[in-house]
Amino acid sequence: MANLMPKRRLENIGLGITGFCVALVALVVVTLIFMVAQQGLTTFFVDGLNPIDFFFGQNWIPEQERYGALPMIVGSFAVTLLSTAFALPVAIGSAIFVVEVAPSFGRRIFQPFIELLVGIPSVVYGVLGLYVINSLIKAIFGDAAPTGAGILSGSLVLAIMILPTITTLSMDALRAVPNQYREGSYALGCTRWQTTWHVVLKSALPSLMTAVILGMTRAFGETLAVQMVIGGVERSMPMGLLDPASTLTAALTAGLSNAVSGSVYYHALWSLGMILLAMSLVFILIIHLIGRKGAKANG
Amino acid sequence: MASEKNGRSVALDAHVRRIDSQDKVATGVLTVIVGLVMLLVVAIIAYILVRGAGRALTPGFLTNPYNDEAVPGILYQLWDSFYMLLVTLIISVPISLGAAIFLVEYAPDNWVTSAAKTAIETLSSLPSIVVGMFGSLFFVVTLGWGISILAGACALTMFNIPILVRTIQQALEDVPRSQRDAALAMGLTRWETTINVLLPAAMPAIVTGIVLSAGRVFGEAAALIFTAGSAPARLNFASVNFLSPTNPFNIFRPACSLAVYIWRLTSEPTAGSTEIVWGTATVLLACVLLFNVLARLLGKLLSRRLTAE
């Protein structure tokens with residue numbers, strides 16, 4: 001039957017079907033952004049909350065109608081930055097080892113190994129954090145961390161979760177450095193470390209930065225693993241790394257099931273979601289800017 | 001003259017010794033780091049598998065409902081996880097396939113295409129809880145599906161599409177240029193080329209990608225809590241009424257997957273729930289690892305069959 005169909009028509013049908021799929025995906029994304037923005041902005045335009053009080057208020061106590069998102073914003077940024085700081089040296093270090101020192105070990109053994117970590121579901125990391133890392137923190141710090149829950153435990157769990165992301169992307173970045181650069185450096189008499197430090201890392205810098213940003217995106221948006229270990233206290237500002245705290249994602253998970261649809265609390269939660277959405281758009285923008293700058297630098 | 005030359009070579013020697021030892025120290029530090037990472041991976045996986053193995057291997061744990069009095073099990077959650085995964089794949093594979101084909105074969109180089117690419121990229125970096133929130137309003141309320149397997153599967157689809165589109169795109173682009181050119185030169189249209197030449201050639205990579213993404217979907221929980229629900233479903237496997245909330249195949253009933261069940265038990269602990277959590281975590285991790293192994297095996301098997309013919 002298909003053979004009898006005029007070619008032009010067949011081609012148009014193909015274009016139509018596949019184009020429809022792409023349009024559907026794009027439409028869903030646009031709907032999502034529109035809906036989150038609409039619900040999130042209702043807090044300010046209909047319920048009349050002052051945006052400055054919302055973004056800089058230090059107390060989130062829905063029972064008293066106090067909606068200050070700063071504790072969660074600070075919590076989200078703290079766990080993101082801290083977990084990146086933990087994971088970064090280890091990730092770049094292992095990427096250098098498996099690309100520059102032992103390439104065949106890297107490809108055959110290390111890569112499948114680290115990819116196993118990617119597959120572990122986020123709740124399983126949460127269970128591990130809740131029962132193992134929190135107890136460890138409690139044992140190490142004693143009375144300073146009565147439950148063990150807090151920004152430090154959250155960051156440790158996240159660091160393990162983003163380690164494979166940053167490592168595999170850094171490996172790709174280092175592998176993409178042309179071999180002539182290395183040979184040129186060796187020909188000048190440089191040692192392997194000098195070559196890596198002054199030549200390879202420098203020319204891979206834009207891609208390495210992209211790897212780090214993608215890791216941070218994952219850390220910022222990670223939900224259940226963090227929610228299970230961080231303690232879930234959004235009433236007031238976290239005072240230290242060992243105090244129970246909360247993040248935007250954790251507050252959403254805990255709050256959304258209790259909020260009555262249409263209430264101020266419900267809209268305030270959507271505003272938190274709007275911050276999350278805006279941040280992930282910012283991360284994408286940064287990645288694009290780095291990519292454009294890298295393309296310009298390499299001609 | 002001679003002493004000056006001597007002094008220079010001494011300085012050079014010192015420099016060479018310094019950069020040599022620097023190189024050795026750096027290599028040593030890197031080796032230690034990699035060793036620690038490997039150790040960490042093994043320790044994490046072994047700990048989870050061993051910690052819950054006792055419970056997971058208890059007879060009845062996999063085949064009893066959660067409310068069994070002697071051995072509370074995870075039969076319903078297991079069923080819901082696999083069923084929801086199946087529904088998700090049925091929805092997401094055709095859409096991803098179409099989108100990937102469009103982006104590789106048809107996409108004109110204009111702003112529409114780059115907007116579509118940006119949309120997919122946005123989807124891939126969205127926090128899963130935001131997808132869950134959106135689903136809880138759009139699929140559950142606006143489309144009127146209620147808290148249901150279908151709403152959950154659609155939320156998972158949003159999470160799955162960017163991963164699938166990227167792998168299928170990669171698989172299609174990896175087909176040698178000469179095959180495409182040959183098919184086009186024979187007078188096939190682009191659509192015929194794609195269906196008859198490119199897709200079969202890319203099939204092993206596509207299947208591997210689908211199974212790998214299934215592993216990701218299987219463990220996702222945040223997007224499901226508010227779309228498919230978190231209350232353990234009561235199922236009646238003898239039910240023949242497809243609209244009954246206890247019929248396992250009804251896509252409009254609430255469901256609770258393994259991952260959501262773990263989350264619920266840790267946030268509302270009851271007596272003895274810790275052991276169930278570990279047992280469920282072990283089962284969940286074992287399933288995900290099985291998906292990984294299966295993906296590699298299937299890919300190898302398919303490509304061997306294709307190249308042998």
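These numbered points go through a predicted model with chains A and B.

1. Chain B, overall make-up. Chain B contains ten helices and zero strands. Read from the N terminus, its elements run α-α-α-α-α-α-α-α-α-α. Of its 309 residues, 44% count as buried. Among contacts in chain B between residues at least 6 apart in sequence, 75% link residues at least 24 apart.

2. Chain B, dimensions. The radius of gyration of chain B is 27 Å, whereas a compact globule of 309 residues would have one near 19 Å. The C-alpha trace of chain B spans about 100 × 65 × 45 Å along its principal axes.

3. Chain B, domains. Seven residues of domain 1 of chain B and nine residues of domain 2 of chain B take part in the contact between them. On the domain 1 side, these residues are four nonpolar, one polar and two charged.

4. Contact between the chains. Chain A puts 62 residues into the contact with chain B, and chain B puts in 63 residues. On the chain A side, helix α1 (residues 7-45) supplies the largest share, 20 residues. By class, the side of chain A that touches chain B has 41 nonpolar, 18 polar and three charged residues.

5. Helix α1 of chain A. This helix has 39 residues, and its first and last C-alpha atoms are 55 Å apart, close to the 57 Å expected at 1.5 Å a residue. Its buried residues include A:Gly14, A:Thr18, A:Cys21, A:Val22, A:Val25, A:Ala26 and A:Val29. Further along α1(A), A:Leu32, A:Val36, A:Gln39, A:Gly40 and A:Thr43 are buried too. As a general point, an α-helix has 3.6 residues a turn, so residues three or four places apart point the same way.

6. Helix α4 of chain B. Because 13 of the 15 residues are buried, α4(B) is largely enclosed by the rest of the structure. Just after the helix, B:Gly144 takes a positive phi of about 75 degrees.

7. A:Glu65. This residue is not a glycine, yet it has a positive phi of about 60 degrees. Most residues other than glycine have a negative phi. A:Glu65 sits in the loop between β1 (60-61) and β2 (66-67) of chain A. Is A:Glu65 buried or exposed? A:Glu65 counts as exposed because it has 10 C-beta neighbours inside 10 Å, and the cut-off for exposed is 12 or fewer.

8. A:Leu269. This residue belongs to helix α12 (residues 264-297) of chain A. With 25 other C-beta atoms within 10 Å, A:Leu269 is buried, the cut-off being 20 or more. Setting aside neighbours within four places in sequence, A:Leu269 is in contact with A:Leu252, A:Gly255, A:Leu256 and A:Ala259. A:Leu269 and A:Asp47 are 222 residues apart in sequence, and their C-alpha atoms are 13 Å apart in space.

Definitions and conventions: Residues are numbered from 1 along each chain as its sequence is written. Chains are lettered from A and ligands numbered from 1 in the order in which they are written. This is a predicted model: local features need pLDDT of at least 70, side-chain atom pairs count only at pLDDT 80 or more; totals for chains, interfaces and linings use all residues. Two residues are in contact if their C-beta atoms, placed from the backbone, lie within 7 Å. Helices (H or I, at least four residues) and strands (E, at least two) are DSSP runs, numbered from the N terminus. Ala, Val, Leu, Ile, Met, Phe, Trp, Tyr, Cys and Pro count as nonpolar, Asp, Glu, Lys and Arg as charged, and the others, Gly among them, as polar. The expected span of a helix is 1.5 Å times one less than its number of residues. The radius of gyration is taken over C-alpha atoms; the globule rule is 2.2 Å times the number of residues to the power 0.38.
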